Amino acid sequence: MSKKKISIRTSLMTGVSYMVPVIVAGGLCIGIARILGGYDVGNAEGTIGYMINQIGNASMSFIVPVLAAAIAYSIAERPGIAPGLVAGYLSTEIQAGFLGGIFGGLLAGYVVAAVIKYIKLPKTMQGLMPIIVIPLISSLVVGLVMIVLIGPPIAALQSWILEIMTSLQDGSKALLGSIIGAMMGFDLGGPVNKTACLFANGLLAEGIYGPTAAKLVGGMIPPLGVALSVLIARKKYTPSEHEAAKAAFPMGLCFITEGVLPFAATDPVRVIISTVAGSAVGGALTMLWGVESQIQAGGIFIVPFMNKPWMFMLALVIGSIVTAIVLTLLKPAAPPVTEETEETVELDIDIK
């Protein structure tokens, strides 16, 4: 038996380090595709832009599974990869987003650690542990928890939020815009974000275009604001975060909110507070100023097709500045990663 220290913070940082290349590859491929084929490149089958866009979308679909698998790997080493991938995939399927992926990855790692510690087979059957017993039990436990305990509440939450937003449709435009923007900046692809997208897209189909502009600005502000915070307060961020910010900026311009995930995964409270604040301001301003978009996605490439492009850009700049200021004020200087500054959990693990 060997004793291994397990730190939640270290696990999250490991997850981010594995996730960043996936985000960067996918996000930049999508950006290049839109440069080559425009905002509607996803429908231009047979073109080079379409193919590159497909590659980018494929990469982006692995973000949460890779995050969860890497978190589980940092806790339980190689045996944690399979259940971590299962947890990440199911998190995507039930639309739990990166927060669900973090929970699933931690759950997978600790379940594997518990299986290794408490389930003992005769020596003649020890070879079955890494190839059958550990992956089977851990994947079943993690999968059932994600489907049975996490999935239904998320579906109920989405339905409840959608009802509330529908009831606000005839109220203050600025209030509705701020709510749409805040939801876009909250869980960055999770159930709240997806509900805002669903609501805005539904109204778009009915010929109501203002909420789509609020959705767009709310999704673009988080990575732009965080990148701006890194630029003005470099000492508060690690070298790896400096590199992540370089990719976050162009991804934000392309309406790829996932560019902020490397920051949100390791410091969710401060980052989410900041992104919600900036996105809420941006969404409120677009609705208040009557900005409308008849195109549901595309980022900076569709701004010229809006009815008030310059007002949209002004709302985008103001919201990004708000996110940058709030995050810069909230975030402490980046501390050195040491055993003394991390809260650890010790488990006895004997990993073959």
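Three salt bridges are present in this structure, which is a predicted model. One of the salt bridges joins the side chains of K246 and E243, with a nitrogen-to-oxygen distance of 3.3 Å. Both K246 and E243 belong to helix α10, which covers residues 239–253. The two residues stand three positions apart, about one turn of the helix.

The model contains one cavity of 30 Å³ or more. The space in the largest cavity comes to about 40 Å³. Its lining consists of V20, I23, V24, A244, A247, M251, G259 and P262. Two elements, α1 and α10, each give two or more residues to this lining. In terms of class, seven of the lining residues of the largest cavity are nonpolar and one is polar, while none is charged.

**The largest pocket**

The largest pocket holds about 1000 Å³ of space. Its lining is made up of 36 residues, of which N57, M60, K194, F255 and E258 are the closest to the centre of the pocket. Several helices contribute at least two residues each to this lining: α1 (8–37), α2 (48–60), α3 (63–76), α4 (81–93), α5 (97–118) and α8 (191–205). The largest share belongs to α8, which provides four residues. The lining of the largest pocket comprises 17 nonpolar, 14 polar and five charged residues.

**Packing of helices**

Two packed helices are described by the angle between their axes and the distance between the axes. The table gives these values for two pairs in the model.

| Helix pair | Angle between axes | Distance between axes |
|---|---|---|
| α1 and α3 | about 145° | 8 Å |
| α7 and α9 | roughly 35° | within 8 Å |

The crossing of α1 and α3 is right-handed. On the α1 side, the contact is formed by S11, L12, T14, G15, V16, Y18, M19, V22 and I23. On the α3 side, the residues in contact are I63, V66, L67, A70, I71, Y73, S74 and I75. Sorted by class, the contact of α1 with α3 has 13 nonpolar and four polar residues, and no charged residue takes part.

Helix α7 spans residues 173–186, and helix α9 spans residues 210–232. The crossing of α7 and α9 is right-handed. From α7, the residues G177, I180, G181, M184 and G185 meet P211, A214, K215, G218, G219 and P222 of α9. The contact of α7 with α9 is divided into five nonpolar residues, five polar residues and one charged residue.

**Summary**

Technical notes:
Residues are numbered from 1 along each chain as its sequence is written. This is a predicted model: local features need pLDDT of at least 70, side-chain atom pairs count only at pLDDT 80 or more; totals for chains, interfaces and linings use all residues. Side-chain values use heavy atoms; hydrogens and water are left out. On a 1 Å grid over the protein atoms alone, a cavity is a set of points where a 1.4 Å probe fits but cannot get out, and a pocket is an open set with protein on both sides within 12 Å along at least five of seven lines; lining residues have an atom within 4 Å of a point. Grid points are joined across faces, edges and corners, and a volume is the space filled by probe spheres set on the points. Ala, Val, Leu, Ile, Met, Phe, Trp, Tyr, Cys and Pro count as nonpolar, Asp, Glu, Lys and Arg as charged, and the others, Gly among them, as polar. Axes are lines fitted to C-alpha atoms, for helices over the stretch in contact, and angles run from 0 to 180 degrees between N-to-C directions. A crossing is left-handed if the near helix is turned anticlockwise from the far one by less than a right angle, and right-handed if clockwise. Contact means heavy atoms within 4.5 Å. A salt bridge is a side-chain nitrogen of Lys or Arg within 4 Å of a carboxyl oxygen of Asp or Glu.
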